[in-house]
Amino acid sequence: MHKEPEPAWKPQPQPQAADKPSGVRMALIGLATCVIMAGAGVHFMGGGHGNTSTPAAENNTQDHDNSANRMGIPLTLIASQKAAQTLAKSNYTDQEQADILAGIKRRDIRLVAMPVYDATGAGGTITLICGAWHQTVHLSPTPQTVILPITISGNVDIIPASDPGPAGIGSGAITVFGPQTLPIMYKGDTLPLTVIAQ
């Protein structure tokens, strides 16, 4: 019996078109990227979980330490080179500006911009608290940018500074993902946020 040897395996040349990704493949990659980014946005903005207000009567120390109850909000980071110029346009006193700049120099503090607005049309006044610093804002439909000195933890608390009445105070913030309506606050409420500086 005579057996012929099997021919050696040779790789088959691929057509030139296979080197370029197809339109369908690129569309799927784009869709997957959008889904991942949307998921990250929902995660950072709280996704509807933990958006309940916390009464001010509760222990504030516990609120600051319990990051699980804080709603994440991504805000624009201000470069340290622009800190002095940005603070000069803010409502902070000269002493507060000096203290904040010293913290930035030590790298204990970062500055973020948080445009806030009236989300419900009911108006009202809120106070934003970042550690030792407070900023009070009279809400209007036009966003007003508040400069916040945040520590590494990035905790910010918002409380009503005027009587919210039965309708409450509904504020919103412009985040890196766009406008974000914040939960309505009533008398005695504290809205705990964690700032993600980007």
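The largest nonpolar core of this predicted model has 23 residues. A nonpolar core is a set of buried Ala, Val, Leu, Ile, Met, Phe, Trp, Tyr and Cys residues joined through side-chain atoms within 4.5 Å. Buried means under 20% relative accessible area, exposed means over 50%, and partly exposed lies in between (1.4 Å probe, protein chains only). Met114, Leu148, Ile158 and Leu182 have the most contacts inside this core. Strands E2, E3 (110–118), E4, E6, E7 and E10 each supply at least two of its residues. In soluble globular proteins, nonpolar side chains tend to be buried together.

The model is predicted, so local features need pLDDT of at least 70 and side-chain atom pairs count only at pLDDT 80 or more, while totals for chains, interfaces and linings use all residues. Residues are numbered from 1 along each chain as its sequence is written, and side-chain values use heavy atoms, with hydrogens and water left out.

The protein chain has four helices and ten strands. Helices (H or I, at least four residues) and strands (E, at least two) are DSSP runs, numbered from the N terminus. From the N terminus on, the order of elements is α-β-α-β-α-α-β-β-β-β-β-β-β-β. The chain contains 198 residues, and buried residues make up 36% of them. Its accessible surface comes to about 12,300 Å². Carbon and sulfur atoms hold 58% of that surface. Accessible areas come from the Shrake-Rupley method with a 1.4 Å probe; for residues, only the protein chains shown count as cover. Contact means heavy atoms within 4.5 Å. Of the contacts with a separation of 6 or more, 72% are between residues 24 or more positions apart.

Strand E7 covers residues 155–160. Five of its six residues are buried, so the strand is largely enclosed by the rest of the structure. E7 pairs with two strands, E4 and E10. Strands pair if DSSP finds at least two bridges between them. Four bridges join E7 to E4 (residues 125–130), and the two run antiparallel. Leu128 has Ile158 in E7 as its bridge partner. Four bridges also join E7 to E10 (residues 189–197), again antiparallel. Here Asn155 stands opposite Thr194 in E10. Ile158 is also in contact with a list of residues beyond four places in sequence, including Met114, Ile126, Leu182, Met185 and Leu193.

A search of the whole structure finds two salt bridges. A salt bridge is a side-chain nitrogen of Lys or Arg within 4 Å of a carboxyl oxygen of Asp or Glu. Arg70 forms one with Asp157, with the closest N and O atoms 3.1 Å apart. This pair links distant parts of the chain, 87 residues apart. Arg70 lies in the loop between helix H2 (60–65) and strand E2 (71–78), and Asp157 lies in E7. Arg70 is buried at 7% relative accessibility. Asp157 is buried at 6%. Arg106 forms a salt bridge with Asp108, at 2.8 Å between the closest N and O atoms. Arg106 is exposed at 53% relative accessibility, and Asp108 is partly exposed at 36%.

Ser90 lies in the loop between helix H3 (83–88) and helix H4 (94–106). At 16% relative accessibility, Ser90 is buried. The side chain of Ser90 makes polar contacts, defined as pairs of N or O atoms within 3.5 Å; within protein, one must be able to donate a hydrogen and the other to accept it, and residues adjacent in sequence count only if both atoms are side-chain atoms. This side chain reaches the backbone oxygen of Leu87 at 2.6 Å. A polar atom of the Ser90 side chain lies 3.4 Å from the backbone nitrogen of Tyr92. Beyond four places in sequence, Ser90 touches Gln97 and Ile147.

Gln135 lies in strand E5 (residues 133–138) and is buried at 8% relative accessibility. Not counting residues up to four places away, Gln135 touches Asn91, Tyr92, Ile126, Thr127, Leu128, Val146 and Ile147.

Thr145 belongs to strand E6 (residues 144–150). Thr145 is exposed, with a relative accessible area of 51%. Leaving aside residues up to four places away, Thr145 touches Ala113, Met114 and Pro115. The C-alpha atoms of Thr145 and Ala113 are separated by 6.2 Å, although the two are 32 residues apart along the chain.
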